[in-house]
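User: I am new to this structure and would like to learn how to read its features one at a time. Could you take me through them slowly, giving the idea and then the case at hand?

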Amino acid sequence: MHLFYTPDIEANAIEYVLNEDESKHCARVLRLGIGDPIVLIDGRGSLFRVEIADAHPKRTKVRILTIERNYGKRNHYLHIAVAPTKNLDRLEWFLEKATEIGIDEITPIICEHSERKELKVERLMKVVTAAVKQSLSAYHPKINEPIDFRRFAEELPATQHFIAHCLEATKVTLTAEIKPHGSYCVLIGPEGDFSPSEVEFAISKGCQAISLGNTRLRTETAALYACMEINLLNRN
């Protein structure tokens with residue numbers, strides 16, 4: 001199945017023209033021709049099964065055959081707020097794997113101990129889009145612009161909020177606290193962890209402190225661990 005990401009496609013379209021990049025990939029790289037079937041996704045849950053009407057390397061036209069709404073829709077909403085890693089490859093690895101597993105929103109948070117304080121969201125979007133295609137998902141995770149930790153914690157999204165940290169303190173586990181089929185936000189700190197004042201601030205804003213096990217995890221590993229556990233706890 002050849003899948004193309006088409007975020008600008010209209011909900012009830014009967015025809016569509018791929019942009020130049022996707023047209024080139026379709027007609028020249030994949031060498032698909034008139035009548036060949038492909039799949040389009042809009043990133044909002046709609047999956048379009050189409051056939052090629054005109055295989056042009058700059059403007060391939062397709063004809064929509066069927067539309068499936070809420071394709072592969074999950075029963076919960078997951079938002080991970082994670083401090084960007086110093087090595088950007090590690091953050092991109094997390095984005096790729098989390099997209100394949102299932103995630104709805106990612107926010108880079110800039111913390112007191114952050115070694116990386118600037119980030120190009122456009123580059124991250126390309127990683128996520130590629131992972132969406134790889135996993136045949138009709139939903140494209142939202143990636144927000146980087147934001148200061150305290151600004152983010154001031155207005156926490158979701159119904160349940162968690163902060164994972166390595167400081168000595170009373171903590172719960174996601175298994176014990178997750179309310180199924182809910183909306184969740186998990187905060188993951190930088191390589192140097194959240195500062196004590198950041199943890200205290202987040203808790204004062206409604207976060208629950210959580211443990212992700214007995215070992216000290218890298219930032220991207222902790223973020224993926226939380227993503228996997230929440231998805232597993234919502235399997236039914």
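User: With which side chain does the side chain of R90 make a polar contact?

Analyst: Please keep in mind throughout that this is a predicted model. A polar contact is read from a pair of N or O atoms within 3.5 Å, and here the side chain of R90 makes such a contact with the side chain of E191, at 3.5 Å. R90 belongs to helix α2 and counts as buried, because its relative accessibility is 17% and the cut-off for buried is under 20%. Leaving aside residues up to four places away in sequence, R90 touches T85, E191, R218 and E220.

User: How many residues does helix α2 have, and how far does it reach from its first C-alpha to its last?

Analyst: One way to read a helix is to set its span beside the expected one. Helix α2, residues 88-101, has 14 residues and reaches 20 Å between its first and last C-alpha, which is close to the 20 Å expected at 1.5 Å a residue. At its start, a side-chain oxygen of N87 comes to within 3.0 Å of the backbone nitrogen of D89, and after the helix comes G102, whose phi is positive, near 135°.

User: Which residues of α2 are buried, and what do the buried residues pack against?

Analyst: The buried residues in α2 are L88, R90, L91, E92, F94, L95, A98 and T99. Their packing partners are the strands β6 (77-82) and β7 (105-110), together with the helices α3 (121-135) and α7 (219-233).

User: Which residue other than glycine has a positive phi near 55°, and is that residue, R31, buried or exposed?

Analyst: The general idea is that most residues other than glycine have a negative phi. R31 has a positive phi, near 55°, and is found in the loop between α1 (20-29) and β3 (37-41); its relative accessibility is 71%, so R31 counts as exposed. H181 is also not a glycine and has a positive phi of about 60°. H181 sits in the loop between α5 (174-177) and β11, and is partly exposed, with a relative accessible area of 46%.

User: How many aromatic pairs does the structure hold, and why is the pair of F149 and F194 called tilted?

Analyst: An aromatic pair is read from the distance between ring centres and the angle between ring planes. The structure holds one such pair: the rings of F149 and F194 have centres 5.2 Å apart and planes at 45°, so the pair is tilted, since stacked planes are under 30 degrees apart and edge-to-face planes over 60. The pair links distant parts of the chain, with F149 in helix α4 (residues 149-154) and F194, 45 residues away, in the loop between β11 (183-188) and α6 (196-204). Both F149 and F194 are buried.

User: Over the face of which ring does R150 lie?

Analyst: R150 lies over the face of F201, at 5.1 Å from the ring centre.

Definitions and conventions:
Residues numbered from 1 in each chain as written. Predicted model: local features only at pLDDT ≥ 70, side-chain atom pairs only at ≥ 80, totals over all residues. Heavy atoms only, no water. Phe/Tyr/Trp six-rings, centres within 6.5 Å; stacked < 30°, edge-to-face > 60°. Helix = DSSP H or I, 4+ residues; strand = E, 2+ residues; numbered from the N terminus. Buried < 20%, exposed > 50% of the residue type's maximum accessible area, 1.4 Å probe, protein only. Lys NZ or Arg CZ within 6 Å of the ring centre and 35° of its normal. Expected span 1.5 Å × (residues − 1). Contact = heavy atoms within 4.5 Å. Polar contact = N/O pair within 3.5 Å; in protein donor to acceptor, adjacent residues only side chain to side chain.
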